[in-house]
Each structure stands twice: as C-alpha cells, then as structure tokens.
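Good morning. I will take a few minutes to walk through one structure. Please look at the sequence and the model first.

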Amino acid sequence: MSFSAAYPVYEVAKDAAGVAGNIFAFGLFVSPIPTFRRIIRNGSTEMFSGLPYIYSLMNCLICMWYGTPLISPDNLLVTTVNSIGAVFQFVYIIIFLVYAEKSKKVRMFGLLLAVIGVFVIILVGSLQVTDSQTRRILVGFLSCASLISMFASPLFIIKLVIQTKSVEFMPFYLSLSTFLMSTSFLVYGLLNEDPFIYVPNGIGTILGIVQLVLYFYFESKSREESREPLIVSYA
C-alpha cells in the first residue's frame, strides 16, 4: 500500500476516534442528570460531591483552549467536545449551589470563582507567548495536568464505595461514559501523536476500569445479600 493510500485511512481512523470520543463524552456530560434530578427532588445534595463538576469545568475550559487553532491547529474535535462540556458543567454547578448546605455552597462558589480566574490568567498569559510551539507546549502541559486532576477526582467516590460497600453514590453510566470517552481519546491522541491527549486519557482509561470493576463487584455482592433467605429463630 502506498503512503498516499495509507494516509487517508490514518486520518479517517483518527477522526473516527475523535468523533467517538465526542459522542461518549456527551454521554458523560448527561450522565449526572439522574443525580441532579434526585438532588432537586430531595432539595439536598446529600453526600454527593460537587468537586467532580469543578474539576470538569476547569478541564473543559483549558482543553477547549488547547484545541483552538491559536494553540493547536489539528485538534478541532478537542475544542468541540470541551465547549459543550463546559456548558453542562456550569449548569450542574449552579444547581449544586442552589441545593447545597451553606458550608458546601460557600466552598463551591469560591472554587467556581477560582476556576474562572485561573482560566482567564491562562488565556491571557498564553497569548503573551509569541512562539507558537512554546505556546502549545505550555497550554498542553496545563491541559494534561487538568485532565489528570479531573480523572483523579472520582478517587473520593471510589474511597466512599469501598468504605460503605455501596455503589449508591457512584452512578454506573458516569463510570461507563468516563471509560469509553477516555479510551476513544487515548486512541485519538496516539494516532495524532499528541502526548498531551493520550497520556492523561490513558490514566482516565485505567481509572474508568477500576470504577467499573468496583461497581460490578459491589453491585453483584449487594444482589447476593438481598437474595439470602431470612433465618427466623425461635427461642
């Protein structure tokens, strides 16, 4: 096969992985909807954490900026997915602020202001760098760090699942969407030879597998316990 024939196949495979990542990411963005329906219905955030949405907003904003032509001209699919994601995360944070108790509300509002402030600093600061390659490396490292932080945020939920032996606060579709999206962008990053994409998404893929394994383990264990017959003893 000649190079001219192979190149389009390579590009199609890369774009297919990117489109798949966008589709699975949309599933990730809408997966918290049942959680927020419960929050609205009960009028409380209960034991749900707002940190994943803060991390996700920060990640979406930085990665959206990284994917723009001003930073990396060959990552348009990264911009599209993160633009949509930023809107979803902002809406979720507003709902969380409305129904959270006062201490959580103050903390979340402070974190939201911090995220906006940091993003503005990154945006303005990176535009001051005149060399395009240096600018890409700078924003790339920041996007990589934010992605890793976002993927690490469910570690709190993983700890809660292990402690309570319950998957009540780890929605299945959120974990599944994280795994599928991370895997898609891992492939996209490898095909695009972009370590700022494939390294953090590789970590996300591993953490997604951990969440799914924990979910199925504790879910099956819970079903087994519910099927155990009640033993009535008579004194």
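I start with Glu193, which sits in the loop between helix 8 (172–191) and helix 9 (195–227). Helices here are DSSP runs of H or I with at least four residues, strands are runs of E with at least two, and both are numbered from the N terminus. Phi of Glu193 is near 55°, a positive value in a residue other than glycine. Glu193 is exposed, at a relative accessible area of 65%; exposed means over 50%, buried under 20%, and partly exposed in between, with a 1.4 Å probe and protein chains only.

Glu46 counts as partly exposed because its relative accessibility is 27%.

Some notes on the source. This is a predicted model, where local features need pLDDT of at least 70 and side-chain atom pairs count only at pLDDT 80 or more, while totals for chains, interfaces and linings use all residues. Residues are numbered from 1 along each chain as its sequence is written, and side-chain values use heavy atoms, with hydrogens and water left out.

Now confidence. pLDDT is the predictor's confidence in each residue, from 0 to 100. The chain has a mean pLDDT of 85, and 89% of its residues reach 70 or more. Where pLDDT is low, the predicted coordinates should not be read in detail.

How many cavities of 30 Å³ or more does a search of the whole structure find? It finds one. A cavity is a set of points, on a 1 Å grid over the protein atoms alone, where a 1.4 Å probe fits but cannot get out; lining residues have an atom within 4 Å of a point. The largest cavity has a volume of about 640 Å³, the space filled by probe spheres set on the points, which are joined across faces, edges and corners. Of its 38 lining residues, the closest to the centre are Leu28, Ser56, Met150, Leu174 and Thr178. Helix 3 gives the most to this lining, with seven residues.

Notes:
1 Å grid on protein atoms, 1.4 Å probe; cavity = no way out; pocket = protein on both sides within 12 Å on 5 of 7 lines; lining within 4 Å.
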